[in-house]
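Please walk me through this structure feature by feature, giving the general idea before each case.

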Amino acid sequence: MLEVGPAHELFGNGFRALAACAGCDRVVFMLDDESRAMVHLTWTGHVESPPWPETVRMGGFIATEIAMDQHEH
Ligand SMILES: [Zn+2]
């Protein structure tokens with residue numbers, strides 16, 4: 001994730017993409033500790049200043065499903 005700079009909460013985590021929203025630029029990532037985070041990518045190709053990219057941490061599968069279903073566009 002190019003947008004995550006050293007001051008961002010996810011910097012230094014290993015993560016892999018689990019799911020992407022078909023309607024916007026939010027992508028759910030699985031982190032090293034197996035928690036999940038939904039990140040609103042900016043696709044600017046450079047490091048953003050926190051709080052960007054906007055990040056929502058989620059504990060588990062159900063919370064992830066709800067976040068993907070109910071976020072606003
Ligand atoms: Zn969306």
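**Reading the zinc site and the charged pairs**

A: The zinc ion is coordinated by Cys21 (SG), Cys24 (SG), His71 (NE2) and His73 (NE2), at 1.9 to 2.3 Å, where donors are N, O and S atoms within 2.8 Å of the metal (3.2 Å for Na, K and Ca) and, water not being among the atoms, sites may look incomplete. This is a predicted model, in which local features need pLDDT of at least 70 and side-chain atom pairs count only at pLDDT 80 or more, while totals for chains, interfaces and linings use all residues. Residues are numbered from 1 along each chain as its sequence is written, and side-chain values use heavy atoms, with hydrogens and water left out.

Q: What arrangement do the four donor atoms around the zinc ion make, and what spacing do the donors follow along the chain?

A: Four donors count as tetrahedral if all angles lie between 85 and 135 degrees. Here the angles subtended by the four donor atoms are 101 to 115°, so the arrangement is tetrahedral, and along the chain the donors follow the spacing C-x2-C-x46-H-x1-H.

Q: How many salt bridges does the count come to, and which residue forms a salt bridge with Glu9?

A: Side chains of opposite charge can pair when their charged atoms come close. A salt bridge is a side-chain nitrogen of Lys or Arg within 4 Å of a carboxyl oxygen of Asp or Glu, and by this rule the count comes to two. Glu9 forms a salt bridge with Arg57, the closest N and O atoms being 3.3 Å apart; because Glu9 lies in the segment before β1 (15–20) and Arg57 in strand β4, the pair ties together parts that are 48 residues apart in sequence. Strands (E, at least two residues) and helices (H or I, at least four) are DSSP runs, numbered from the N terminus.

Q: Which residue forms a salt bridge with Arg26?

A: Arg26 pairs with Glu54, with 3.7 Å between the closest N and O atoms. This pair links distant parts of the chain, with Arg26 in strand β2 and Glu54 in the loop between β3 and β4, 28 residues apart. Arg26 is buried at a relative accessible area of 11%, whereas Glu54, at 31%, counts as partly exposed.

Q: Where does Arg36 lie, and what is the nearest side chain of opposite charge?

A: For charge, Lys and Arg count as positive and Asp and Glu as negative, while His and the chain ends are not counted. Arg36 lies in strand β3 and is buried yet has no salt bridge, the nearest side chain of opposite charge, Glu34, being 6.9 Å away. Glu34 itself, in the loop between β2 (26–31) and β3, counts as exposed at 57% relative accessibility, and its phi is near 70°, a positive value in a residue other than glycine.

Terms used:
Buried means under 20% relative accessible area, exposed over 50%, partly exposed in between (1.4 Å probe, protein chains only). Four donors count as tetrahedral if all angles lie between 85 and 135 degrees; four count as square planar and six as octahedral if opposite donors are over 155 degrees apart and all others between 65 and 115; anything else is irregular.
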